[in-house]
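Here is a short note to read beside the coordinates. The points go from terms to fold, then to helices, core and ring contacts.

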Amino acid sequence: MRWAKAPDFADNPSRADDVHAQTVRDQENYLDSRLSPVECRTCGTCVLVRKNSFKQTSVQWTSKPADSCPVFREGGNSATSDSCQRMQDSIDHAVMEGILAVPDQ
């Protein structure tokens, strides 16, 4: 028995190519585009950030947090809490200063 979460469009190669192309565009949009570097104002750790709205923030660490962030290194956060308040304050400051753009809603 074969089960697939999504159709593979094996019988329609043109549709499969279209789906793949859209997947590549989605990956660029959601994972790579509009990322801006933001440096922690306390320790200097740099992360990549994208604001999709005032409430939603995407953060990509460019290194292991425990290797670059003293809060993580000190055990102040764990796998269930993947944020540093100092970094969040730095991101908020970048938004207030206009360094990090928030798209119009």
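1. One definition first. A residue is buried under 20% relative accessible area, exposed over 50%, and partly exposed in between. Trp-61, at 22% relative accessibility, therefore counts as partly exposed. Keep in mind that this is a predicted model.

2. Overall layout. The chain holds four helices and three strands. Along the sequence they run in the pattern α-β-β-β-α-α-α. Of the 105 residues in the chain, 22% are buried. Take the contacts between residues at least 6 apart in sequence: 36% of them join residues at least 24 apart.

3. Helix H1. This helix covers residues 13–32. Its 20 residues, at 1.5 Å a residue, should span 28 Å. The end C-alpha atoms of H1 are 27 Å apart, which agrees. After H1 comes Arg-34, with a positive phi near 60°.

4. Leu-31. Helix H1 contains Leu-31. Is this residue buried, exposed or partly exposed? Leu-31 has a relative accessible area of 42%, so it is partly exposed. Leaving out residues up to four places away in sequence, Leu-31 touches Asp-26, Arg-50 and Gln-60. Leu-31 and Gln-60 are 29 residues apart in sequence, yet their C-alpha atoms are 8.9 Å apart in space.

5. Helix H4, length. The same check can be made here. H4 has twelve residues, 85–96, and should span 16 Å at 1.5 Å a residue. The end C-alpha atoms of H4 are 16 Å apart, which agrees. Just after H4, Gly-98 takes a positive phi of about 80°.

6. Helix H4, faces. Which residues of H4 are buried? They are Met-87, Ser-90, Ile-91, Ala-94 and Val-95. Viewed down the axis of H4, these buried residues fall within an arc of 145°, so they line one face of the helix. The face turned away from the buried side carries the exposed residues Gln-85 and Met-96.

7. Ile-91. Helix H4 includes Ile-91. At 1% relative accessibility, Ile-91 counts as buried. Setting aside neighbours within four places in sequence, Ile-91 is in contact with Val-38, Val-49, Thr-57, Val-59 and Leu-100. Ile-91 and Val-47 are 44 residues apart along the chain, and their C-alpha atoms are separated by 9.5 Å.

8. Nonpolar core. How many residues does the largest nonpolar core have? It has 14. Those with the most contacts inside this core are Val-38, Val-49, Cys-69, Cys-84, Met-87, Ile-91 and Leu-100. The elements that give it two or more residues are E2, H3 and H4. H4 supplies the largest share, four residues.

9. Aromatic pair. A pair of aromatic rings is described by the distance of the centres and the angle of the planes. The count here comes to one aromatic pair. Trp-61 and Phe-72 form this pair, at 5.3 Å centre to centre and with 75° between the planes. The geometry is edge-to-face, because planes over 60 degrees apart count as such. The pair links distant parts of the chain: Trp-61 is in strand E3, and Phe-72 is in helix H3 (residues 70–73), eleven residues apart.

10. Is Phe-72 buried or exposed? Phe-72 has a relative accessible area of 13%, so it is buried. Trp-61, at 22%, counts as partly exposed.

11. Charge over a ring. Arg-15 lies over the face of Phe-9. The distance from the ring centre is 5.1 Å.

How values were computed
Residues are numbered from 1 along each chain as its sequence is written. This is a predicted model: local features need pLDDT of at least 70, side-chain atom pairs count only at pLDDT 80 or more; totals for chains, interfaces and linings use all residues. Side-chain values use heavy atoms; hydrogens and water are left out. The expected span of a helix is 1.5 Å times one less than its number of residues. Buried means under 20% relative accessible area, exposed over 50%, partly exposed in between (1.4 Å probe, protein chains only). The arc is that of the directions from the helix axis to the C-beta atoms. Rings of Phe, Tyr and Trp (its six-membered ring) pair if their centres lie within 6.5 Å; planes under 30 degrees apart count as stacked, over 60 as edge-to-face and the rest as tilted. A charge sits over a ring if NZ of Lys or CZ of Arg is within 6 Å of the ring centre and within 35 degrees of the ring normal. A nonpolar core is a set of buried Ala, Val, Leu, Ile, Met, Phe, Trp, Tyr and Cys residues joined through side-chain atoms within 4.5 Å. Contact means heavy atoms within 4.5 Å.
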